[in-house]
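Please keep the sequence and the coordinates at hand while reading.

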Amino acid sequence: MSIPTSTAVTESAVIKAPLAQVWHHIKLQDFSKFWSALAKSEHVKGASEETDIVKWSFKDGTELEVKQEEHSTINHYITYSIISSQPALTFSSVLSTIRCWAVTSGEAEGSTYVEWTGNFSSDADAGVIQDAKYKRREALADLAKAASKK
């Protein structure tokens with residue numbers, strides 16, 4: 001019997017770097033430049049001209065093809081979905097968004113607030129949600145290290 005669970009995850013961080021420095025890293029094809037779990041991230045050749053598809057090759061051997069669904073340089077967010085996976089996923093789908101905001105006052109002024117959400121299909125179990133939570137936390141910590149380098 002499976003454990004009932006929320007099918008959404010939200011992780012966030014305040015990164016001690018200006019918005020422009022953080023936003024510079026938020027390109028699907030460049031995630032391997034900051035995320036230590038990735039061995040490679042690259043555009044998929046031969047995909048549709050109207051669609052941005054990027055292959056993420058993780059160091060553990062997992063390969064995901066992610067499709068950019070939405071991107072805004074004005075509002076500083078990117079939304080993507082997983083369209084294929086090796087090995088196969090144990091759930092039907094997930095839609096993820098990374099959004100950045102400038103912190104404009106207070107102790108963290110000049111920093112960037114980053115939120116990374118994932119909305120999973122109803123067949124995702126508690127293990128999937130926990131894995132997504134920890135992967136996002138790890139990636140946000142790696143992003144903070146990369147963005148704070150000058």
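## A residue in a loop

In which loop is Gln29 found? In this predicted model, Gln29 belongs to the loop between helix 1 and strand 2.

Once its neighbours within four places in sequence are left aside, Gln29 is in contact with Ser41, Glu42, His43 and Val54. Thr73, by comparison, is 44 residues away from Gln29 in sequence, and the two C-alpha atoms are 16 Å apart in space.

## A second residue of that loop

His25 is likewise found in the loop between helix 1 and strand 2 (38-43), but His25 counts as buried, since its relative accessibility is 16%. Leaving aside neighbours within four places in sequence, the contacts of His25 are Asp30, Phe31, Phe34, Leu143, Ala146 and Ala147.

## The sheet and the helix across it

Seven strands make up an open sheet with antiparallel pairing, and their order is 1-7-6-5-4-3-2. At the edges are strand 1 and strand 2, each of which pairs on one side only. On average, and with direction ignored, neighbouring strands of this sheet are turned by 20° against each other.

Strand 5 and strand 6 run antiparallel and are joined by five bridges. Tyr77 stands opposite Arg99 in strand 6, and the charged end of Arg99 sits over the ring of Tyr77, at 4.3 Å from the ring centre. Helix 2 lies across strand 1, strand 5, strand 6 and strand 7, and its direction makes an angle of about 15° with strand 1.

In soluble globular proteins, nonpolar side chains tend to be buried together. Here the largest nonpolar core has 37 residues, of which Phe31, Trp35, Trp56 and Phe120 touch the most other members. At least two residues of this core come from each of several elements, including strand 1 (8-15), helix 1 (19-23), strand 3 (53-58), strand 7 (112-120) and helix 2 (126-148). Helix 2 supplies the largest share, namely eight residues.

Not counting residues up to four places away in sequence, Trp56 touches Leu28, Phe31, Trp35, Leu38, Lys40, Ser41, Thr62, Glu63, Leu64, Val66 and Tyr80.

## Aromatic pairs and their cluster

A pair of aromatic rings is described by the distance of the centres and the angle of the planes. The structure holds 10 aromatic pairs. The rings of Phe31 and Phe34 have centres 5.1 Å apart and planes at 55°, so this pair is classed as tilted; Phe31 and Phe34 are both buried. Phe31 also forms an aromatic pair with Trp116, which is edge-to-face, with 6.1 Å from centre to centre and 85° between the planes.

Why does the pair of Phe31 and Trp116 tie together parts that are 85 residues apart in sequence? Phe31 lies in the loop between helix 1 and strand 2, whereas Trp116 lies in strand 7, so the pair links these two parts. Phe31 counts as buried because its relative accessibility is 0%, and Trp116 is buried as well, with a relative accessible area of 2%. Phe31 and Trp116 belong to one aromatic cluster, together with Phe34, Trp35, Trp56, Phe58 and Tyr80.

Methods:
Residues numbered from 1 in each chain as written. Predicted model: local features only at pLDDT ≥ 70, side-chain atom pairs only at ≥ 80, totals over all residues. Heavy atoms only, no water. Core = buried A, V, L, I, M, F, W, Y, C linked by side-chain atoms within 4.5 Å. Buried < 20%, exposed > 50% of the residue type's maximum accessible area, 1.4 Å probe, protein only. Helix = DSSP H or I, 4+ residues; strand = E, 2+ residues; numbered from the N terminus. Contact = heavy atoms within 4.5 Å. Pairing = 2+ DSSP bridges. Axes fitted to C-alpha atoms, helices over the stretch in contact; angles between N-to-C directions. Phe/Tyr/Trp six-rings, centres within 6.5 Å; stacked < 30°, edge-to-face > 60°. Lys NZ or Arg CZ within 6 Å of the ring centre and 35° of its normal.
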